[in-house]
Amino acid sequence: MRVVTVTAEPQALSVDLDRTALVMIDMQRDFIEPGGFGASLGNDVSLLRAAIDPCRQLLAAARAAGLLVVHTREGHRPDLSDAPRAKLERGAPSLRIGDSGPMGRILIRGEPGHDLIPELRPRDGEPVVDKPGKGAFYATDFGALLSGRGIENLIVCGVTTEVCVHTTVREANDRGYRCLVPADCCASYFPAFHHSALAMIKAQGGIFGWVTDAAGVINAMNPFTP
Ligand code: TIU
């Protein structure tokens with residue numbers, strides 16, 4: 001047992017680091033760099049870059065403390081067989097899922113845009129979960145991977161706060177995980193949604209989880225990061 005107490009809202013949370021995983025949600029070129037899925041939807045993708053450095057620092061500390069680190073990627077098979085028509089036909093993007101763009105086919109596994117950004121590249125041995133939906137549990141082995149390692153607590157980072165981070169936190173909360181969300185390690189194309197999403201997590205006594213920041217987690221892990 002390596003129990004630490006993380007400063008958080010609505011109250012501090014004590015977690016056993018041996019039962020805690022760091023989850024990096026969809027820090028992919030398709031969302032963060034120009035020419036990908038996020039840009040095709042008309043978003044200013046530069047807004048997401050604010051999360052990169054806090055994520056990098058938290059990732060380094062989590063690795064030093066020996067936490068399980070899991071990365072996720074949203075995307076689909078090249079034949080689109082795992083992409084619902086309702087998702088493919090939605091809206092009026094400049095490029096649809098599966099269309100060819102400057103980083104390859106939009107949101108397709110194996111294409112350059114689907115890759116994680118170089119700043120947050122996984123290390124050998126860190127699981128990467130490919131997910132067809134917004135939540136990390138839907139149609140993946142994420143839950144099995146966590147329960148197999150005895151994980152009870154998740155530190156959830158990534159993009160975007162109100163879409164894939166929120167969906168994953170809601171899924172995890174219903175499955176009994178305690179979720180800590182470091183605010184500066186998440187970002188949205190809509191700053192107001194970022195703030196509202198975090199407010200929703202910590203309202204009502206922490207209805208979905210706890211909100212902290214990178215420094216809060218890094219400081220708590222300090223005794224275990226030589
Ligand atoms: N990863 C994730 O959040 N997927 C999205 O589609 N997010 C948007 O905000 N569009």
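Residues are numbered from 1 along each chain as its sequence is written, and side-chain values use heavy atoms, with hydrogens and water left out. Since the model is predicted, local features need a pLDDT of at least 70 and side-chain atom pairs count only at pLDDT 80 or more, whereas totals for chains, interfaces and linings use all residues.

The protein chain contains eight helices and 11 strands; helices (H or I, at least four residues) and strands (E, at least two) are DSSP runs, numbered from the N terminus. For 226 residues, a compact globule would have a radius of gyration near 17 Å, and the value of 17 Å for the protein chain agrees with this. This radius is taken over C-alpha atoms, and the globule rule is 2.2 Å times the number of residues to the power 0.38. The C-alpha trace spans about 50 × 35 × 30 Å along its principal axes. Of the 226 residues, 54% count as buried, where buried means under 20% relative accessible area, exposed over 50%, and partly exposed in between (1.4 Å probe, protein chains only). The protein chain exposes about 9,800 Å², of which carbon and sulfur atoms supply 51%; accessible areas come from the Shrake-Rupley method with a 1.4 Å probe, and for residues only the protein chains shown count as cover. Among contacts (heavy atoms within 4.5 Å) between residues at least 6 apart in sequence, 73% join residues at least 24 apart.

Side chains of opposite charge can pair when their charged atoms come close. The structure holds 14 salt bridges, each defined as a side-chain nitrogen of Lys or Arg within 4 Å of a carboxyl oxygen of Asp or Glu. One of them joins Asp18 and Arg2, with the closest N and O atoms 2.9 Å apart. This pair links distant parts of the chain, 16 residues apart: Asp18 is in the loop between β2 (13-16) and β3 (20-25), and Arg2 is in the segment before β1 (3-6). Asp18 is partly exposed, at 37% relative accessibility. A further salt bridge connects Arg109 and Asp82 (3.5 Å, N to O). Arg109 lies in the loop between β6 (104-105) and β7 and Asp82 in the loop between β4 and α4 (85-88), so this pair ties together parts that are 27 residues apart in sequence.

Glu74 forms a salt bridge with Lys134 (2.7 Å, N to O). Because Lys134 lies in the loop between β7 (128-131) and α5 (142-148) and Glu74 in strand β4 (residues 68-74), the pair ties together parts that are 60 residues apart in sequence. Lys134 is partly exposed at 28% relative accessible area, whereas Glu74 is buried at 0%. The side chain of Glu74 also makes a polar contact with the side chain of Lys87 (2.7 Å). A polar contact is a pair of N or O atoms within 3.5 Å; within protein, one must be able to donate a hydrogen and the other to accept it, and residues adjacent in sequence count only if both atoms are side-chain atoms.

Thr212, in strand β11 (residues 210-212), is buried, with a relative accessible area of 7%. Its side chain reaches the backbone oxygen of Thr7 at 2.7 Å.
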